[in-house]
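Subject: Structure handover

Hello,

Here is the structure for your own work. My notes on what was found follow below it.

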Amino acid sequence: MPAQLIKQQDKTLTIQFTVDLSGQMLKDEQALQNALNEAGQVAMDPMIKQFDTRGEPIRVNGVKHTAKVSSPEMYETPYGPVQVERYIYQTSKGGRSYVPLENDARMVLNSTPRYAQIVSGKYARFGADAICEDLLECNGRKLSNNYAKKLSDFVGSVAQCYETEWDYALPAFERPVSTVSLGLDGTCILMHKDGWREAMCGTIAFFDSDGERMHTIYCAATPEYGKETFKEKFSHEIERVQTTFPDVLYVGVADGAKDNWIFLRKYTKHLVLDFYHASEYISRAASAIFGRDKKSKSAWIDEWSHRLKHKQGAVGRLLNELELQRLNLDKKNFLERNEELRLVIGYYRNNRGRMRYSHQLKHNLPLGSGVTEAACKTLIKQRMCISGSRWKNDGACCVLALRTLKLTKGRWQQFWSYTMRHGVTVY
């Protein structure tokens, strides 16, 4: 027997449905899923209709609108498509039509909010084909990959439109925030026309007094010359945090790129060269000094990496060591090895004031950009570099907007809460 609406009273719906058992568990589970979907479609009809008018004149932003026509529309729901008769309004002067049901129910295109949330949440993690397969297998819900992309891109556009207006709240921390680490880095994605280009990723990490990370805000932007869009977005996030936590220590952690320091210096004087980038230059120096002597090279790397990380004043002593080794180079491949040591020495001299690693360790402060580098992989690479993916800028912007909301704990829920309050108008 098909699912039926047995009773509707006040705010209560009573639905009746039947499941025929075959004796095979997998088939019976599928039959139950189909019956639940059918019951869901029956329930969604009055659930959607409750947001419509009775055809009386209404005012929208102070302007009188009258019902032009009542016509059916197919709405997509988590349980299947549901056709609903609803009123369409217009002013006496004509112009754009207005559908109160769609506005008040917070429809996203022709999708219910919950269905839009499900599809776009999945699209943040994997491609449209995978979404269609997943929904069919897990929910018995058929969906075209074109609609999955269209719906998700629209939700991503909403997220972009309001990302500077909707003030996302920080979580309630169990322990006081002692340090906030700011980091930025880039990683490449394949663009439709421009080939491999660098997309930017930023992180704002919150640490307690023991150096334990409690929360991370993620920020990202598609490839662009000058990185101005990314810098504007990341600056906005940093400034909101600094308004909430004006008295904690802010630490800027990055690799040796000059542009990173210029940006971070606007928000903190406590700048730290990522230790793992610094230690890479020890390896480069060791290769220039010892060549194929693996044993001596390994011992030298271990010794100076340990000193650099744990000993105060290690940078000065390392520079002296490098100068001495440079003077004592033998003639074999002298020019190449001498040039390599010259570059390493210049790198350490330029970053000397940002390499106080023993101080960082002593006070439980971050000394590496691992949070940011990991974000480059989880935020950008895992989704944007799926095999066969090539991106146009608009589509990539939407996906990154969705992913930053999903990966920053608490923001996905806040985004939908704002959407239910304010609607989904994209301007």
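Predicted model: local features only at pLDDT ≥ 70, side-chain atom pairs only at ≥ 80, totals over all residues.

Asn 34 counts as partly exposed because its relative accessibility is 40% (buried means under 20% relative accessible area, exposed over 50%, partly exposed in between, with a 1.4 Å probe and protein chains only). Asn 34 sits in helix 1 (residues 25-49); helices (H or I, at least four residues) and strands (E, at least two) are DSSP runs, numbered from the N terminus.

Residues are numbered from 1 along each chain as its sequence is written, and side-chain values use heavy atoms, with hydrogens and water left out.

Confidence: the protein chain has a mean pLDDT (the predictor's confidence in each residue, from 0 to 100) of 94, and 99% of its residues reach 70 or more. Confidence is lowest in strand 6 (residues 94-98), with a mean of 91, and highest in helix 3, at 97.

Helix 3 and helix 4: the axes (lines fitted to C-alpha atoms over the stretch in contact, with angles from 0 to 180 degrees between N-to-C directions) of helix 3 (residues 113-123) and helix 4 (residues 128-139) cross at roughly 130° and come within 9 Å. The two are therefore oblique to each other (under 35 degrees is roughly parallel, over 145 roughly antiparallel, 65 to 115 roughly perpendicular, the rest oblique). Contact, meaning heavy atoms within 4.5 Å, involves Tyr 115, Ile 118, Val 119, Lys 122 and Tyr 123 of helix 3, and Ala 128, Ile 131, Asp 134 and Leu 135 of helix 4. These residues comprise seven nonpolar, no polar and two charged (Ala, Val, Leu, Ile, Met, Phe, Trp, Tyr, Cys and Pro are nonpolar, Asp, Glu, Lys and Arg charged, the others, Gly among them, polar).

Helix 10 and helix 11: the axes of helix 10 (residues 314-327) and helix 11 (residues 334-350) come within 10 Å, crossing at roughly 165°. That makes helix 10 roughly antiparallel to helix 11. Their contact has eight nonpolar, two polar and four charged residues.

His 270: this residue is in strand 11 (residues 270-273) and is buried, at 17% relative accessible area. Beyond its neighbours within four places in sequence, His 270 is in contact with Leu 249, Tyr 250, Val 251, Gly 252, His 359, Gln 360 and Leu 365.

Regards
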